[in-house]
Amino acid sequence: MKFSRKILIGLSLVVVVGLVLVVVNITGNKKPKDVVLVTHDSFVMSKELIADFDKTTGYKLKLLKAGDAGSLTNRLILTKATPIGDAVFGIDNTFASLATSNNIIDGSLSATDFGDVCFNYDKVWFAKHKFAAPSSVSELTLPKFKGLTVVENPNTSSTGLSFLAATVDMFGTSQWESYWRSLKKNAIKVDNGWEAAYYTDFSGSSGKGAYPIVLSYASSPADEVRADGQSQTASIMDGCFRQTEYAGVLKNAKNSAGARAVVKYLLSAKFQASFPEAMYMYPIVTGTPIPTAWSSFTQVAPHTYGDKLDFNTNRKSWLAKWSAIFE
Amino acid sequence: MGFSGNWLHAIITTRIASLVWFTIWQAALSAGLSLLFGIPGAYVLYHRSFPGQKFIRAFITVPFMLPTIVVAIGFTAFRQLPFLSQLLLGHSGIPIIICANVFMNYSLAVRIIGGVWTTLDTGLEDAAALDGAGRFRTFTSVTLPQLANSIASAGALIFLYCAANFGLVLVLGGASVKTIETEIYLVTTQYLDLSKAAGLVLIQTVLTITAFIVAQGLSKGKMGFFNTTSLEHRPRVDRRDLPAVLITLVFITGLICLPLITVIMRAFHVDNALSFQNFTNLGGFGARDVLSISVGQAGLNTLRNAIITTALSMAVGILASYLLSRPKPNGNVSFFQRAMDIVFQMPVGISSVVLGFGYLVCFSGGLFPLRSSWLVTPIAQSLLSIPLVIRMIHPALTAIDNQLRETAQTESASPSQIWWLIEVPIIRDVLLMATGYAAIIAIGEFGAANFLAYGDQGTLPTVLYQLISRPGAQNYGMAMAASSLLIGVALSIMYAVSSQGPPHHRKPKHP
């Protein structure tokens with residue numbers, strides 16, 4: 001009697017799980033017209049653009065987020081035999097060589113947009129404390145800027161990795177570690193993600209934190225325009241890294257034709273024009289209109305560092321050396 | 001990873017040893033502090049009565065479901081306090097991680113212990129008091145042994161939640177703070193070093209099993225005692241309860257109110273003035289159409305996922321707890337039951353990163369094309385809530401005096417009659433509470449939803465993250481408004497399920 005009850009309950013458990021799987025199998029089969037675009041977490045495509053894509057191409061676009069650029073690339077490498085989607089957007093120049101050397105892309109990657117990773121500072125804070133904001137990244141090691149800067153961890157944030165690469169390029173393989181050691185001595189704060197750095201520690205954002213200098217993007221000041229029509233923040237136009245993002249068709253995609261249509265659409269005039277407003281990046285196609293707020297509050301860095309370095313060979317050793325300083 | 005022994009080599013380094021040690025001590029300290037504050041909390045909120053009790057019971061549960069970035073923003077409130085900020089923000093964020101762990105898990109301690117405490121007989125305590133024992137003496141000698149089971153249960157569960165809480169450590173800790181969980185995330189997503197990840201998962205599994213064996217060993221004491229008459233009235237708070245009331249009051253206002261109110265206040269502020277603008281903005285798609293679905297649509301997705309998650313985890317959780325609580329004829333717990341208990345707890349201690357990768361690889365093709373269905377999100381979420389549901393229902397079931405069942409059996413009641421007419425009425429409150437927890441886990445859950453849901457299937461937390469990963473006051477304000485909504489929804493659900501039904505409803509009916 002006791003034993004049979006056990007079996008009964010065990011069986012009903014199996015039935016519940018089985019039922020769920022059956023339901024899922026029925027509802028889960030993808031229609032042939034579906035095309036899945038795998039992106040990083042920051043990808044934004046408005047409802048209108050998705051509808052426009054569906055209408056003009058006859059496909060049905062589905063979006064799937066897979067972490068930051070690094071997680072995205074590694075997830076695609078792990079599932080390359082049966083990929084989780086048909087096309088990819090958001091592999092950047094720090095991970096592009098990893099993607100191509102692992103053969104996850106059918107054909108080649110196409111650049112879609114770019115943005116400059118630069119430091120931002122809080123103009124209001126520096127005006128209130130009556131001293132000049134730094135104009136170069138070397139100044140961040142000076143005693144007067146002690147304890148004022150927050151950056152992102154290159155191990156967990158692509159923004160952080162970008163600046164690490166810029167320092168390797170600027171200061172050279174022999175000097176970049178000592179630059180970071182001086183930053184550490186100057187009480188720089190390291191957060192694991194952009195969100196925490198920008199919204200809990202930076203004083204120039206709505207989070208009203210305690211640090212007036214933050215590692216962010218050259219475009220960020222356009223979004224901190226206050227009631228007086230002025231931006232509360234500005235960028236330090238030195239030590240910037242040019243981040244370029246790519247899209248491509250995935251190998252073994254179920255819907256390669258659809259994937260090609262997606263990549264083509266990402267490079268179309270309509271989608272390119274949406275980059276600044278939706279993703280805070282510059283469109284790659286020249287002649288695409290740029291919003292007016294951008295022309296008044298942001299500029300493209302005149303000189304950028306690190307974007308030509310060989311990330312595939314060096315990433316691990318840079319990160320290990322950086323971690324040795326900060327752990 | 002093969003049998004080459006490479007993984008063994010990969011895991012035994014001083015670096016790994018130190019992060020395993022950190023994982024253990026921060027989780028143990030967090031669990032200890034949660035119990036330390038949770039026991040007086042359970043006493044005041046579940047063993048005594050006062051007006052507004054139901055609201056406070058619901059209120060303390062809210063932090064449990066908050067997405068970690070919201071916790072981080074709430075905790076910036078402590079920066080304004082000069083003395084505390086020094087203490088909390090130093091040491092690369094470790095004190096604040098521990099505070100945040102306690103903030104999120106306090107309600108678990110209160111509710112699990114309190115849930116059993118309400119079923120305890122006050123007669124024994126009254127007798128001890130008559131004999132001249134003070135409240136504290138009565139507590140340590142009479143009550144504590146009866147609560148041992150639930151205390152160990154709550155402690156083990158909180159320990160595991162703290163050991164596996166990956167988002168919190170990542171968002172509050174600096175570069176130097178590392179746990180097993182953050183390291184697994186790092187080596188899999190950034191380095192693709194799967195053999196090292198496998199080694200770490202192994203350590204984590206051992207840790208999970210050890211925590212449960214220790215908890216089971218600690219709870220060998222006397223089982224809870226049940227007497228139906230005790231339910232009829234809980235005494236009101238009186239002057240002699242002052243220490244417990246004070247501890248609970250200070251704890252709740254200081255550690256729980258402050259961060260939540262900070263988030264809500266920011267939601268109502270635009271350009272340093274009071275405003276509803278952030279809430280009206282929620283009708284749209286964010287500054288410059290940052291969102292691909294509206295917050296309303298995300299809310300509906302969240303609701304649908306929550307209903308499925310709750311149904312699924314209650315069904316499985318009740319069945320499992322029922323099985324686990326059937327004593328063998330000699331009154332012992334069988335090996336089968338012990339093993340099953342541990343198996344059902346594994347998802348708590350197993351890395352969400354690993355779960356995510358597992359789903360990705362298993363369900364992306366072939367046999368189970370689950371990956372492309374929206375159902376994958378609620379199923380993954382139930383995996384996270386089932387262990388909690390079991391940890392709540394199982395101790396309550398074992399706390400029921402077995403004599404009640406035996407008497408009914410001799411009166412030839414069938415097992416289903418015993419279940420529906422005796423056990424369900426007794427544990428009714430616990431069942432409601434578990435339902436509430438399963439629902440708010442589904443509502444607040446971010447990791448699985450972000451990882452598994454397609455773009456138009458986004459939930460409130462994924463939309464919130466989309467907003468907060470952009471610069472700009474409007475997006476930040478909307479994120480705070482969305483957080484306030486989450487807080488409001490969680491509070492309403494927990495308020496609705498924390499029943500204080502009239503005594504005659506709670507009296508078990510004899511078949």
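Analyst: In chain A, 52% of the 327 residues count as buried, a residue being buried if 20 or more other C-beta atoms, placed from the backbone, lie within 10 Å of its own, exposed if 12 or fewer do, and partly exposed in between. This is a predicted model, in which local features need pLDDT of at least 70 and side-chain atom pairs count only at pLDDT 80 or more, while totals for chains, interfaces and linings use all residues. Residues are numbered from 1 along each chain as its sequence is written, and chains are lettered from A, with ligands numbered from 1, in the order in which they are written.

The part examined here is strand E3 of chain A, residues 87-92. Helices (H or I, at least four residues) and strands (E, at least two) are DSSP runs, numbered from the N terminus. Six of the six residues of E3(A) are buried, and the strand is mostly covered.

What does E3(A) pair with in the antiparallel sense? Its partner in that sense is strand E8 of chain A, residues 233-250, with five bridges between them; two strands pair if DSSP finds at least two bridges between them. Within this pairing, A:Asp92 stands opposite A:Glu245 of E8(A). E3(A) also runs parallel to strand E1 of chain A, residues 34-39, to which three bridges join it. In that pairing, A:Ala87 in E3(A) is the bridge partner of A:Leu37.

Together with B:Ile113 and B:Ala482, A:Ala87 touches the most other members of the largest nonpolar core, which holds 241 residues. A nonpolar core is a set of buried Ala, Val, Leu, Ile, Met, Phe, Trp, Tyr and Cys residues joined through C-beta atoms within 7 Å. Helix H7 of chain B, residues 94-117, gives the most to this core, with 17 residues. The core receives residues from domain 1 (31-114 + 244-291) and from domain 2 (116-242 + 296-326) of chain A, so it lies between them; the domain bounds come from an automatic or database domain assignment. In general, nonpolar side chains of soluble globular proteins tend to be buried together.

On the chain B side, B:Ile113 is in contact with B:Gly38, B:Ile39, B:Ala42, B:Leu147, B:Ser150, B:Ile151 and B:Ala154, leaving aside its neighbours within four places in sequence. Two residues are in contact if their C-beta atoms, placed from the backbone, lie within 7 Å.

The two domains of chain A also meet directly. Their centres, taken over C-alpha atoms, are separated by 28 Å, and 13 residues of domain 1 of chain A are in contact with eleven residues of domain 2 of chain A. On the domain 1 side, helix H3 (69-78) and helix H4 (96-101) of chain A are the elements that give two or more residues, and H4(A) gives the most, with three residues. The residues of this side divide into five nonpolar, six polar and two charged, where Ala, Val, Leu, Ile, Met, Phe, Trp, Tyr, Cys and Pro count as nonpolar, Asp, Glu, Lys and Arg as charged, and the others, Gly among them, as polar.

Beyond the end of E8(A), the loop between E8 and helix H8 (256-266) of chain A holds A:Asn252. A:Asn252 is not a glycine, yet its phi is positive, about 65 degrees. It is partly exposed, with 14 other C-beta atoms within 10 Å.

The C-alpha atoms of chain A fill a box of roughly 80 × 60 × 45 Å along the principal axes. Of the contacts in chain A with a separation of 6 or more, 74% are between residues 24 or more positions apart. In chain B, 54% of the 511 residues count as buried.

Confidence should be read alongside this picture. pLDDT, the predictor's confidence in each residue from 0 to 100, averages 88 in chain A, where 90% of the residues score at least 70. Residues 25-29 of chain A fall below 50, and this stretch has eight contacts in the model beyond near neighbours in sequence. Chain B averages 80, with 82% of its residues scoring at least 70. The model scores ipTM 0.77 and pTM 0.82.
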